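Here's a quick briefing on one protein–ligand model.

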Amino acid sequence: MSIIEKAAGRIEHGRQERGPALARAAESTAGAGPLRDEGHGAATATAMPPAPAPTPTPTPTPSMPSAPTRRTREVELDLARMQERGLITVAGGRTLLVEDFRVIKRPILKKAFPGGTAVLPSNLVMITSALAGEGKTYCSINLAMSIAMELDHTVLLIDADVARPSVLKALGLPPQPGLMDLLLDDSLDLADVMLRTNVNTLSILPAGTANLRATELLASQSMKALVLEIAQRYPDRIIIFDSPPLLLTSEARVLAGHMGQIVVVVESQQTTQHAVLEGLRRLEGCDNVSLIYNKSRDFAGTETYDYHYG
Ligand SMILES: Nc1ncnc2c1ncn2[C@@H]1O[C@H](COP(=O)(O)OP(=O)(O)OP(=O)(O)O)[C@@H](O)[C@H]1O
Ligand SMILES: [Mg+2]
C-alpha cells in the first residue's frame with residue numbers, strides 16, 4: 001500500500017473516530033522542570049534580562065538588525081502573551097491544548113532516535129500542509145513548546161517558511177537574521193543567528209533575509225551540511241521545521257528531502273481530500289509521513305487535534 005493510500009485511510013479513520021480518538025495521555029504534568037543548557041556552553045537562567053543590543057555589522061535589509069559574530073543571541077518570549085494567543089507555555093499549567101500536544105509529540109519522539117543508520121536523521125521534523133493557513137506555524141510552535149517541556153530533550157525551532165516567515169511574528173518578536181543568511185554567508189556560524197530563549201530548552205532559528213533563490217539555497221550542499229550538523233551536534237535535540245505549503249511552493253518539496261520525519265497538518269472542514277492526496281503525492285519517497293488533523297471540533301468551543309502516524 002502506498003503512503004497515500006495509507007494516509008487517506010487514516011484520515012477517513014480519524015474522521016470516524018473524532019472525539020474519543022483523542023485519548024488523554026496518562027502522564028503527570030511536565031511543568032517547567034529543571035532547565036538545562038541547550039547548546040553553546042553557557043547556562044541560561046529561566047528569566048533572562050532583555051537581550052543586549054547586537055553589535056552592528058553591514059545590514060542585510062533595512063528592516064532587519066545585522067547578525068553579531070560568534071555570539072548566540074538571546075530573546076525573551078512573552079509567555080503571558082503566548083498563553084493569551086492560545087499557545088502552549090511552560091507556565092501554562094495543564095490545559096486541553098497541553099494534553100493534546102502531549103499525545104501528538106509522543107510518537108514523534110519515539111521515532112526521533114531510532115538507533116542504527118537511518119539515511120536521514122529522524123530528529124529533523126518538518127511540519128507542512130497542502131495549502132496556506134492550515135495551522136503549520138501554530139502546530140510547530142506548540143509542538144516545540146511541548147517537547148521543550150520534556151526532561152530529556154531540547155528543541156530548535158527553525159522557521160523554514162522562508163518566503164512567508166511567521167514564527168517570530170507569532171511570538172511577538174521582530175525580524176532577525178537567520179537560515180537564509182547562514183546559507184548565503186560562509187562567515188556566519190549557526191551560533192551567530194540562533195536565538196536562545198528564556199525557555200532554556202528552546203532555541204529558535206529565524207528564516208532570515210528573504211531571498212529570490214530560496215529554493216536553490218534550500219537544495220544546496222550547504223543546506224544539506226547544515227541540517228546534518230544541526231541534527232548531530234546534540235544527541236537529545238529535536239529540530240522542528242515550520243515549513244511552507246506543499247502545493248504552493250517548490251521549497252517544501254526540497255526541504256522534505258532533508259527530513260527524517262514529516263508531519264502534514266490537515267485542517268478540519270477546510271483541506272479537501274484532493275489537496276491532502278496531492279500534498280502526500282509530493283512526498284512520495286519520503287519515509288515517516290504523519291498527519292495532524294487540526295482545528296477539529298467535538299463540541300462548541302473546544303479545539304482538538306487528531307494525530308495519525310505510520
Ligand atoms: N488548532 C487551532 N486552534 C485555534 N487556532 C488555530 C489552530 N490552528 C491554527 N490556528 C490559527 O489559524 C491561523 C492560521 O494558522 P497558522 O498561521 O499556523 O497557519 P499556517 O499553515 O502556518 O499558515 P501559512 O501557510 O500562512 O504559513 C492562525 O491565526 C492560527 O492562530
Ligand atoms: Mg505559517
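In the protein chain of this predicted model, 76% of the contacts with a separation of 6 or more are between residues 24 or more positions apart; a contact means C-beta atoms, placed from the backbone, within 7 Å. Local features need pLDDT of at least 70, side-chain atom pairs count only at pLDDT 80 or more, and totals for chains, interfaces and linings use all residues. Residues are numbered from 1 along each chain as its sequence is written, while chains are lettered from A and ligands numbered from 1 in the order in which they are written.

**Overall make-up**
- The protein chain has eleven helices and nine strands, taken as DSSP runs (H or I, at least four residues, for helices; E, at least two, for strands) numbered from the N terminus.
- Of its 310 residues, 43% are buried, which takes 20 or more other C-beta atoms, placed from the backbone, within 10 Å of a residue's own.

**Around ligand 1**
- The shell has 16 residues, with Ala132, Gly135, Lys136, Thr137 and Tyr138 coming nearest.
- Helix 4 (136-148) and strand 8 (289-297) each put in at least two residues, and helix 4 has the largest share, with three.

**Leu283**
- You'll find Leu283 in the loop between helix 11 (273-281) and strand 8.
- Leu283 counts as buried because it has 23 C-beta neighbours inside 10 Å.
- Beyond its neighbours within four places in sequence, Leu283 is in contact with Ala256, Ile262 and Val289.
- Leu283 and Val264 sit 19 residues apart in sequence and 10.0 Å apart in space, C-alpha to C-alpha.

How values were computed
A residue is near a molecule or strand if its C-beta atom, placed from the backbone, lies within 6 Å of it. A residue is buried if 20 or more other C-beta atoms lie within 10 Å of its own, exposed if 12 or fewer, and partly exposed in between; C-beta atoms are placed from the backbone. Two residues are in contact if their C-beta atoms, placed from the backbone, lie within 7 Å.
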